[in-house]
Amino acid sequence: MNKAKQFFYRILPGICIACGCRSHRTIDLCRACEQDLPWLINACPRCGLPLQATDEPCLQCASRALPFEQTIAAFSYAFPVDCLIQQFKNRQDLASGRVLARLLGQHIMRVNPGFLSDNDRHQGQTLLVPAPLHPKKQRRRGFNQSRQVASILAEIFKIKLDDKHLIRTRFTADQKLLSVAARKKNVTHAFTMRRAFNGERIILVDDVVTTGATVVEMANCLLRGGANSVAVAALARTPPARFSENATSTDDLPL
Ligand SMILES: [Zn+2]
Ligand SMILES: [Zn+2]
């Protein structure tokens, strides 16, 4: 955090986005609420789902091919993170988005510090690519929530953000109204590349990964478009028990 922001917090102390009390630190979240968040500590490094035992990767990932190497999500999509993400996306509560994105940055540092900076193993440049919204949806919402998250990660980790290559070309129906099969069809070929990459390592940034269909679709598109490899960073990962709730607007289907 830069000096100007620290000064700002001294004058106007942070207000906790979860309980509304003074946070008493340079983030809008008090220490008690931070500890109570549904942190996703023991998760499969490939798909990001909670691990039942000590399997690594999880049993499903051990026998399937995915177009991305790793997934890191800071939280399980559970209370109060689900409410905070909905406020962020649907009520333009940018403070909640900022706090959650900073916590995702902290989480990455804690569980896999090389995730965003491992340039030795990955020859090409690392780029953060936010999950794109269709222009019509972005106009309606007023902003792209994944871009907000990606821009905070870019600031923390000093990595370039690229929101120009990957675009969403199909305006898809609201996933909430669709069956699982229809959801799969809904995101097929929804993305395209405006111009090609040149062997870069891509960190695809999404707000919530539900079942993974959208990130699979985007990762395939990025690889076809010249990316060397793809990894996924998300604020939250929906636990399988909540897949059928369609509680998020993230368009996904079971991997
Ligand atoms: Zn609090
Ligand atoms: Zn897995």
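1. Is Cys19 buried, partly exposed or exposed? In this predicted model, Cys19 has a relative accessibility of 37% and therefore counts as partly exposed. Cys33, with a relative accessible area of 16%, is buried, because the cut-off for that class is under 20%.

2. Both residues belong to the metal site. The zinc ion (ligand 1) is coordinated by the SG atoms of Cys16, Cys19, Cys30 and Cys33, at 2.3 to 2.4 Å. Along the sequence, these donor residues follow the spacing C-x2-C-x10-C-x2-C. Cys19 sits in the loop between helix H1 (3-11) and helix H2 (31-36), whereas Cys33 is in helix H2, so the pair ties together parts that are 14 residues apart in sequence.

3. On geometry, the 4 donor atoms around the zinc ion (ligand 1) subtend angles of 99 to 117 degrees, and the arrangement is therefore tetrahedral. For reference, the ideal angle for four tetrahedral donors is 109.5 degrees.

4. Turning to the sheet, 5 strands form an open sheet with parallel pairing, in the order S1-S7-S6-S2-S3. Strand S1 (71-76) and strand S3 (160-161) are the edge strands, each pairing on one side only.

5. Within this sheet, strand S2 (residues 126-130) pairs with strand S6 (residues 201-209) in the parallel sense, over 5 bridges. Opposite Thr126 stands Arg201 in S6.

6. Helix H9 (residues 213-224) lies across S6 and S7 and runs at about 165 degrees to S6.

Definitions and conventions:
Residues are numbered from 1 along each chain as its sequence is written. Chains are lettered from A and ligands numbered from 1 in the order in which they are written. This is a predicted model: local features need pLDDT of at least 70, side-chain atom pairs count only at pLDDT 80 or more; totals for chains, interfaces and linings use all residues. Side-chain values use heavy atoms; hydrogens and water are left out. Two strands pair if DSSP finds at least two bridges between them. Helices (H or I, at least four residues) and strands (E, at least two) are DSSP runs, numbered from the N terminus. Contact means heavy atoms within 4.5 Å. Axes are lines fitted to C-alpha atoms, for helices over the stretch in contact, and angles run from 0 to 180 degrees between N-to-C directions. Donors are N, O and S atoms within 2.8 Å of the metal (3.2 Å for Na, K and Ca); water is not among the atoms, so sites may look incomplete. Four donors count as tetrahedral if all angles lie between 85 and 135 degrees; four count as square planar and six as octahedral if opposite donors are over 155 degrees apart and all others between 65 and 115; anything else is irregular. Buried means under 20% relative accessible area, exposed over 50%, partly exposed in between (1.4 Å probe, protein chains only).
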